[in-house]
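Please look over the sequence and the model below before reading on. The briefing that follows goes through the structure topic by topic.

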Amino acid sequence: LPSGPARTRFAPSPTGYLHLGSLRTALFNYLLAKRTGGQFLLRIEDTDQKRLVPDAEQRLCDDLRWAGIQWDEGPQVGGPYGPYKQSERTPLYQKHAQELVESKAAFRCFCSSTAQAPVDVDASLVGSAIGGCHSDCASIPLEESAERARNEKHAVRFGKPDKAPSWSDLVYGKVSLESKKTLPQRAAVEGVILLKGDGTPTYHLANVIDDHYMKITHVIRGTEWMSSTPLHAALYNAFGWTPPAFAHVGLLTDKDQAKLSKRNFDTDIGALKTKHGILPESLANFLALLGWRNPTRDDVMEMNKLIDLFDLKFTKGNSIVSFDKLWYLQKNHAKIIIERAMQSSTADPSFENLLDLLESAARTAYPNSRALATQDLRIYMTKILFIDAKTYENPSSYVERNAYFFTTLPPASPSPDTSISKSDLHTAAMDVLKNFDQTVTKDVIISAPTYTEIKTRLDATIAEYAKVIGEMKEWSKHLHHYLREKLCFGRPGPGSSQVMAVLGHEECWRRLEV
Ligand SMILES: [Zn+2]
């Protein structure tokens, strides 16, 4: 870990929505800033105006906040080094491109292909930016070049660097342009376009200038950017600036080592939260474990624990994304959230979010349910969560598992053989119910004492009947089974006394009467 506070940033392009890989990058940078008492910045890299998606910037902001990642400086919050949108910083990039031309680190290129068809390069296409200068514009004397620039359209390209650019990577150690093993073949520096024919910067120029002026100390990013880093290192050299420390982390892949994409999973954060009911707590936890070496044995961590434990120990190579792990974390985080809500009397946003997801799933699955029509679904759902706190994976599977709270179901299993008659069991069950005062659950959130009370009465009734035939175990087993059969249609789940407390007197009566 760095000795002082780290300033980190997340710099997405609003040309698409946040996905798993980019959210993980944001999270790592956020964790490093928070761990070291530094600042985390959000910068919108919107230099490629043609590919902008209109609502992408707002969605990026919403999704980051949803995931628990709040930036200290950036759009919507401001800060001392703004503006934080590259489209509002164009003059700064032009000024610095000019400086590079004057110091001969860069040159103006007047070739029609580059001047008229400005292409922005994304990280994986650095190589394609060279070529295109077919008249050796680098050799045009500076004065002549300045003269022509007055009325000729031109781009600015990086020249031949003085020395082979290299950097000390926090994951890969010393890397230089010659490190063929670490760097992909296409990594290029010479001739790469910095300023396009229309006067707007390419990603590389804007990124380096902004990181410098925003005083970024650490950049954690995916290895897909590694082919751009030699160029960035060369730009820092050319400007005479100290580069930030770079850490390149592996890509996210599926189990067949294929890069994670829309084809193998919904990697869009919007889909994960709405369609799959992923909790923000589970997702942050899940992503932190992809590429970072958790020093503890316990993988279930909330954000504050992640911050406390975070360091720069990343695994080399790609991370395989196993969604089984995500479901495991979902169960654990839901349990933490539910148990916290049970202890607290004030509304908790995480618990409210869980209720939102389940409320909508229940309305979709059981549109005609009497439970939905006759009572406050949020209170009802809260009661269900309190008695079944450990099984949440996603909203639809949860309401399906708890279907008997919403609807009648065909009987699941035949009653086991017993010498106790059905009518004796029925009479006993009705006795239990008569003892069960409906005021116990009316309008109050179910609490542990309520269950204890109902369970005590249930046990007392069983003991009463057991006295008659002198077989406690037999009675207990069959009365419980009878209650489950009637109240839960034989489905597994929380204990009968808890189910009775949630269903309420009236509904229990209705189900037992049948
Ligand atoms: Zn040229």
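Which residues of helix α2 (residues 56-66) are buried? They are Ala-56, Leu-60, Cys-61, Asp-63, Leu-64 and Trp-66. This is a predicted model, and its protein chain holds 20 helices and 11 strands. Of the 514 residues of the protein chain, 51% count as buried, and among contacts between residues at least 6 apart in sequence, 77% join residues at least 24 apart.

**Helix α2 and what follows**

- The buried residues of α2 are covered by elements that include β1 (7-10), α1 (20-35), β2 (39-42), α9 and α10 (280-288).
- An α-helix has 3.6 residues a turn, so residues three or four places apart point the same way.
- With that rule in mind, the reader can go back to the buried residues of α2, among them Leu-60 and Leu-64, and look for them in the model.
- Just after α2 comes Gly-68, which takes a positive phi of about 90 degrees.
- In the loop between α2 and α3 (90-102) lies Pro-83, and the peptide bond leading from Gly-82 to Pro-83 is cis, with omega near 0 degrees.

**The zinc site**

- The zinc ion has four protein donors, namely the SG atoms of Cys-109, Cys-111, Cys-133 and Cys-137, which lie 2.2 to 2.4 Å from the ion.
- The angles among the four donor atoms run from 105 to 117 degrees, and the site is tetrahedral.
- For comparison, the ideal angle for four tetrahedral donors at a metal is 109.5 degrees.
- Along the sequence, the donor residues follow the spacing C-x1-C-x21-C-x3-C.
- Cys-111 belongs to the loop between β3 (106-109) and α4 (112-116), while Cys-137 belongs to the loop between α5 (126-129) and α6 (142-149), so this pair ties together parts that are 26 residues apart in sequence.
- Both Cys-111 and Cys-137 are buried.

**Two pairs of packed helices**

- Helix α7 (residues 203-213) packs against helix α8 (residues 229-239) at an angle of about 55 degrees, and their axes are 10 Å apart.
- Because of that angle, α7 counts as oblique to α8, and the crossing of the two helices is right-handed.
- On the α7 side of this contact are residues including Tyr-203, Leu-205, Val-208 and His-212, and on the α8 side they meet residues including Leu-231, Leu-235 and Phe-239.
- The axes of helix α12 (residues 323-343) and helix α13 (residues 349-365) come within 9 Å and cross at roughly 115 degrees.
- The helices α12 and α13 are therefore roughly perpendicular to each other, and their crossing is left-handed.
- Here Ile-337, Ile-338 and Ala-341 of α12 meet Ser-350, Phe-351 and Leu-354 of α13.

- Ala-247 sits in strand β9 (residues 245-249) and counts as buried because its relative accessibility is 0%, where buried means under 20%.
- Leaving aside residues up to four places away in sequence, Ala-247 touches Asp-169, Leu-170, Val-171, Val-219, Ile-220, Arg-221 and Phe-314.
- One of these contacts, Val-219, is 28 residues from Ala-247 along the chain, and the C-alpha atoms of the two are separated by 6.2 Å.
- Leu-260 is found in the loop between β10 (252-253) and α9 (269-274), and with a relative accessible area of 13% Leu-260 is also buried.
- Again setting aside residues up to four places away in sequence, Leu-260 touches Leu-20, Leu-252, Thr-253, Asp-254, Thr-267 and Val-321.
- Leu-260 and Val-321 are 61 residues apart along the chain, yet their C-alpha atoms are separated by 8.2 Å.

**Positive phi without glycine**

- Lys-104, in the loop between α3 and β3, has a positive phi of about 65 degrees although it is not a glycine.
- Phe-489, in the loop between α19 (472-487) and α20 (496-513), likewise is not a glycine and has a positive phi of about 55 degrees.
- Are these two residues buried or exposed? Lys-104 counts as exposed because its relative accessibility is 65%, whereas Phe-489, at 11%, counts as buried.

Terms used: Residues are numbered from 1 along each chain as its sequence is written. This is a predicted model: local features need pLDDT of at least 70, side-chain atom pairs count only at pLDDT 80 or more; totals for chains, interfaces and linings use all residues. Side-chain values use heavy atoms; hydrogens and water are left out. Donors are N, O and S atoms within 2.8 Å of the metal (3.2 Å for Na, K and Ca); water is not among the atoms, so sites may look incomplete. Four donors count as tetrahedral if all angles lie between 85 and 135 degrees; four count as square planar and six as octahedral if opposite donors are over 155 degrees apart and all others between 65 and 115; anything else is irregular. Helices (H or I, at least four residues) and strands (E, at least two) are DSSP runs, numbered from the N terminus. Buried means under 20% relative accessible area, exposed over 50%, partly exposed in between (1.4 Å probe, protein chains only). Axes are lines fitted to C-alpha atoms, for helices over the stretch in contact, and angles run from 0 to 180 degrees between N-to-C directions. Angles under 35 degrees count as roughly parallel, over 145 as roughly antiparallel, 65 to 115 as roughly perpendicular and the rest as oblique. A crossing is left-handed if the near helix is turned anticlockwise from the far one by less than a right angle, and right-handed if clockwise. Contact means heavy atoms within 4.5 Å.
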